Amino acid sequence: TAGEHRLSALRCGHLFGFTCIQRWLKAQGPAAKCPQCNKKAKRSDIVLLYAPKLRALDNSEQESLKKSLEQEQSLRRKAELESAQYKLKLQVVTNKYGQAQQELQELRALMAQAGRSSVPSSSSSSSSFASTSLLLGLSQRADGSRMAQYSFSKAVLVSQAGSCRVLSYCEPLSCLLASQPSPHSTLVPGCGVKKVSVVNMKASQYVPIHSKQIRGLSFNRQNDSLLLSAALDNTIKLTSLLTNTVVQTYNAGKPVWSCCWCLDNSNYVYAGLSNGSVLIYDTRDTSTHVQELQCPVASLCYVPRAASSSFPCGGLIAGSLEGGCFWEQVNETTYRPHVLPLETAGCTDIQVEMESRHCLVTYRPGRSNPSLRCVLMALNRTPQQDSSQLPSCSCAPVQTFNAGSSCKLLTKNAVFKRPDGGGTLVCAGDEASNSTMVWDAGSGSLLQKLPADLPVLDISPFSVNGEHFLASLTEKMLKLYRWE
């Protein structure tokens, strides 16, 4: 209250010790400003305050404890992640040990059977044939390529009330994310994602993100656990799954139907709006979008560049009920449109298999085709190599897969490499039979029909520590299948 360092204030109203603010303004010179609000200030603006009582609180210990808590939380998250990874590895080793033990028992039974075989030639021949057959069966099962298929692993309840919509897999945290409305709508209204750990196959925590239904989820290639989400509340958001907090929000002005990352430059994200336009955002610019592409859009996916491919260029594929367009990314700010030769009605979803450069186009039933169709198309570019001639990008059908006659919902399907490396698999939800259909892309044959209680809305393949899984999402449940 007195002395050289007594309480004082500037004209803007911010309080300082007299010695400190005097030294600050002198060091700043003619361009001096208030350290708090940056308003212009000078030496004559300092006003001494006559306070009857003054007490300074020392919060250094509190700040130290806060910093220690943050460090402990960080170490705990790291330890939990390592623990999850080790549990997964233990599970894989246990499964392999059980399989090896079973095969050992069968081999011992075979050897005992061969030892008991009688001398007559006919019996010996029969025993030899049985031994050969059993050994062949064991070798085929060990190889796993001919008899491999998906088998049911577990069903997880995501939302008792229903209204789940989209699905995505977070590899760094080994968890699936399913969009759902808030389980406690009175306390925390809106929508978010439910984390489902693939370590114990159980639903864990709910993360609130949007105020309305989520229509798209996407991860980048950086493995930084940063989730991009699009919703009908006119926003796209970036959420850190390490801290379960929204770190960035963009207002698109219209309901957002889909979203994806630029896989060649993680600074850019795309948002497909209900009014038929695609907004491009730079994550380094928090104000607004940096570019707008005019094209009807219901689904978005990005094709990264691949130098050794017959389709080397990268860009954005936008699909809608009216058709599709490939926006080739020429450079960071320039996109060249190529209209894809799709049917002019009924396209509900487009997915891309990155290695083969094939895209899966889904058509809903119509007058000319009464069933749901998934058409696998090969992307091509003419000329393939850079030249003075402007390239032309297109696609051509390779295989067609037919499902049921019902398609009331805009569902998402999947095309991906077969887990055993023997080609490509196509998976689609069939509303007519409430199941997930699995086709071999090479032969076009239906391999499996995985049952579900409700229509399958989204499908996500993923692998954990050498094991391969397929997840299918309905309005309430998440069903997990293991490749065996």
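## Secondary structure and overall form

Helices, of at least four residues, and strands, of at least two, are taken here as DSSP runs numbered from the N terminus. In this predicted model, the protein chain contains three helices and 31 strands. Its radius of gyration is 30 Å, well over the 23 Å that the globule rule gives for 484 residues, so the chain is more spread out than a compact globule. The C-alpha trace spans about 120 × 60 × 50 Å along its principal axes.

## Burial, contacts and surface

Of the 484 residues in the protein chain, 44% are buried. Where contacting residues lie at least 6 apart in sequence, 45% of the contacts join residues at least 24 apart.

The chain exposes about 25,400 Å², and carbon and sulfur atoms supply 51% of that area.

## Nonpolar cores

The largest nonpolar core comprises 32 residues. Within this core, I236, Y270, V278, Y281, L300 and L316 have the most contacts. Several strands supply at least two of its residues each, including strand 10 (226-231), strand 11 (235-240), strand 15 (277-282) and strand 19 (323-329). Strand 14 gives the largest share, five residues.

Beyond its neighbours within four places in sequence, V278 is in contact with Y270, A271, Q291, E292, L293, C295, V297, L300 and L316. Another core lies apart from the largest one and has 19 residues, among them I317, F326, L340 and I350.

Notes: Residues are numbered from 1 along each chain as its sequence is written. This is a predicted model: local features need pLDDT of at least 70, side-chain atom pairs count only at pLDDT 80 or more; totals for chains, interfaces and linings use all residues. Side-chain values use heavy atoms; hydrogens and water are left out. The radius of gyration is taken over C-alpha atoms; the globule rule is 2.2 Å times the number of residues to the power 0.38. Buried means under 20% relative accessible area, exposed over 50%, partly exposed in between (1.4 Å probe, protein chains only). Contact means heavy atoms within 4.5 Å. Accessible areas come from the Shrake-Rupley method with a 1.4 Å probe; for residues, only the protein chains shown count as cover. A nonpolar core is a set of buried Ala, Val, Leu, Ile, Met, Phe, Trp, Tyr and Cys residues joined through side-chain atoms within 4.5 Å.
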